[in-house]
Amino acid sequence: MPRPGLPKLIATDLDGTLVRSDDTVSEFTHQVLDRVRGAGIPIVGATGRGPRLAELTRNDIRAADYLVMAGGGRVIDQTDPAGPVILRDERLPGEVLAKLITDIEARVGPLTVMVEALDGPDSPLWGDFDPFWRYPERFEQRSRADCLSGTVIKAFARTVDHDVDTLLATAREIVRPDQASVTQAGLGFVEICPPGVDKATGLTVVADLLGVDPAEVLVFGDMPNDIPMFEWAGWGRVAVSNAHPTVRLLADEVTLRNDDDGVAVYLDRLLSR
C-alpha cells in the first residue's frame, strides 16, 4: 500500500490513463495537477509518445516539470526558463533493428513495420501502410530499406496472425535485452526501443537529477509499457480501472478509469487527506 504522507515525485502515463478516450484532458484534471505542483511535488508525464508529439503532450499535461517520452528514450526538463532541455536521447541503429525484425518474422511470419525516425513537430512515421493504425494523418509510406537506413527512436510491428500480447511474448523470446527493449502500449503494435529504454530508466534520469529515491515516487499507468515504472516506484503504484490485467496485478491500488478522471480523483483525495 502507498506510504503515509505525500510522495516526492509523481509520474503518470498519458493515453489510457490521464487522457480520456476522446483524446481530451478534463479541466478538473488540470486543476488537480496544478494543486500537486502547488504542494511542491514535481510532476512527470511518462508516455510512449515520441518527441515529435512534444507539443501535444505539453498541452495534455500542462503542469509537467519533466517529460519522459518515447517510452523512456527521450527525457525533457521543462523547468529551465530558457526553454526545454533534453536530458536523454536514445536511438536504435537501423541495421540492428533490421536484424531483429528478420528474426521475429522467421518465427511469426511477415510483419507490418513502422518506424519513428524524426523528432520534428508532428513528423510522420515511416513504413508499411496498415489500416489498423489509428493515426494515418501522421504517416508516410516508405520502403523498409529506406526506413532502416539510419537510426530510429523506436519501431512499431504487427501481424494479423497474432494478438499483440502473443506477439510481444514471442518477440521477447527472440530479442535479447542488450539488443532492444520490447513492449506494447495499447495501440495493437509491439514497440521496439533501444536497449535499456523503458519508463523506469527514463524516470531514473529525473529522479537522480532531483535527488529523489524511487521509494518516494508515485506512478499511474494502464499498459505493459508502464510495468517497468511500476516495478521501480516504491511509494505507490496506481492503475486505472481500464488497465491491462498485468498492470492491475502489480498495482497497490486501482482508481477510476481514465474516462472518469481516475488519476485526478486519486490525487485530489491524496492532497485532501
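I looked up Lys 99 and found a salt bridge to Asp 103, with the closest N and O atoms 2.8 Å apart. (A salt bridge is a side-chain nitrogen of Lys or Arg within 4 Å of a carboxyl oxygen of Asp or Glu.) Both Lys 99 and Asp 103 sit in helix H3 (residues 94–108), four residues apart, about one turn of the helix. Helices here are DSSP runs of H or I with at least four residues, numbered from the N terminus.

I noted that this is a predicted model, in which local features need pLDDT of at least 70 and side-chain atom pairs count only at pLDDT 80 or more, while totals for chains, interfaces and linings use all residues. Residues are numbered from 1 along each chain as its sequence is written, and side-chain values use heavy atoms, with hydrogens and water left out.

Lys 99 is partly exposed at 49% relative accessibility, and Asp 103 is partly exposed at 25%. (Buried means under 20% relative accessible area, exposed over 50%, partly exposed in between, with a 1.4 Å probe and protein chains only.)

I then searched the whole structure for salt bridges and got 28. One of them joins Arg 176 and Asp 178, with the closest N and O atoms 2.9 Å apart. Arg 176 is partly exposed at 45%, whereas Asp 178 is exposed at 53%.

I also searched for disulfides, pairs of cysteine sulfur atoms within 2.5 Å, and found zero. Cys 147 is in none, and the nearest cysteine sulfur, that of Cys 193, is 16 Å away. Cys 147 is buried at 5% relative accessible area, and Cys 193 is buried at 3%.

Key. Helices (H or I, at least four residues) and strands (E, at least two) are DSSP runs, numbered from the N terminus.
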